[in-house]
Amino acid sequence: LFAQKTGVSNNPRIMTTRLAANFFASPPAGVFMVSDKQIQKLMNAFVNVINAEDIKCKSAASVLVHNMSLYLSRDDSDMTSQAISSILYQLPQEEDEQTQYYLLLALGRLLYGNIDGVSLCLLLEFDVNKWLNNSSQRIKEIASDIALLLQTQY
């Protein structure tokens with residue numbers, strides 16, 4: 001948000017987002033990053049950077065949310081719901097394959113074992129068919145897994 005208001009170039013935004021994403025390589029740091037004190041700041045950073053016009057910014061943000069998904073709880077937490085909603089909002093308008101890949105990967109992780117997350121996808125009428133028909137094999141595979149999760153009744 002500071003970067004948007006002050007006109008900071010994309011390079012510091014990308015570097016900072018990648019740095020935050022790399023914190024998750026260490027389990028103690030990952031747990032700290034999704035703690036009550038940090039998670040809202042991290043989610044705000046993700047939302048701001050994923051909505052940038054620069055492809056590198058979006059790619060860095062998609063890796064960040066993927067890494068966050070490894071540590072977010074699967075229960076009906078506000079942050080998990082916010083992450084799912086943000087991903088569902090961004091995916092239909094995203095054209096970059098790598099960004100789509102990491103967003104879908106994060107979505108799959110957040111939906112696994114999460115009936116509330118599946119219900120949210122259904123409520124928001126998420127259509128996974130766009131990615132089932134994608135030319136990229138890795139995106140098709142993830143989309144196929146997500147389609148199965150959306151059909152599963154827990």
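Trainee: What span should the 14 residues of helix H2 have, and how far apart are its end C-alpha atoms?

Mentor: First, the source: this is a predicted model, in which local features need pLDDT of at least 70 and side-chain atom pairs count only at pLDDT 80 or more, while totals for chains, interfaces and linings use all residues. Residues are numbered from 1 along each chain as its sequence is written, and side-chain values use heavy atoms, with hydrogens and water left out. Helices (H or I, at least four residues) and strands (E, at least two) are DSSP runs numbered from the N terminus. The expected span of a helix is 1.5 Å times one less than its number of residues. For H2 (residues 10–23) that gives 20 Å, and its end C-alpha atoms are 20 Å apart, which agrees.

Trainee: Which residues of H2 are buried?

Mentor: Buried means under 20% relative accessible area, exposed over 50%, and partly exposed in between (1.4 Å probe, protein chains only). In H2 the buried residues are Arg-13, Ile-14, Thr-17, Ala-20 and Ala-21. Viewed down the axis of H2, the buried residues fall within an arc of 130 degrees (taken from the directions from the helix axis to the C-beta atoms), so they line one face of the helix. On the other side of H2, Asn-11, Met-15, Thr-16 and Asn-22 are exposed.

Trainee: How many helices and strands does the protein have?

Mentor: The protein has ten helices and zero strands. Of its 154 residues, 45% count as buried.

Trainee: Which residues of the largest nonpolar core touch the most other members?

Mentor: In soluble globular proteins, nonpolar side chains tend to be buried together. A nonpolar core is a set of buried Ala, Val, Leu, Ile, Met, Phe, Trp, Tyr and Cys residues joined through side-chain atoms within 4.5 Å. The largest one here has 46 residues, of which Leu-107, Leu-111, Phe-126 and Ile-146 touch the most other members. Among the helices that each supply at least two residues of this core are H2, H4 and helix H7 (97–111).

Trainee: With which residues is Leu-107 in contact, leaving aside neighbours within four places in sequence?

Mentor: Contact means heavy atoms within 4.5 Å. With those neighbours left aside, Leu-107 is in contact with Ile-84, Ile-87, Leu-88, Leu-91, Cys-121, Phe-126 and Ile-146.

Trainee: Is Gln-40 buried, partly exposed or exposed?

Mentor: Gln-40, found in helix H4 (residues 39–50), counts as partly exposed at 34% relative accessibility. Leaving aside neighbours within four places in sequence, Gln-40 is in contact with Met-79 and Gln-82.
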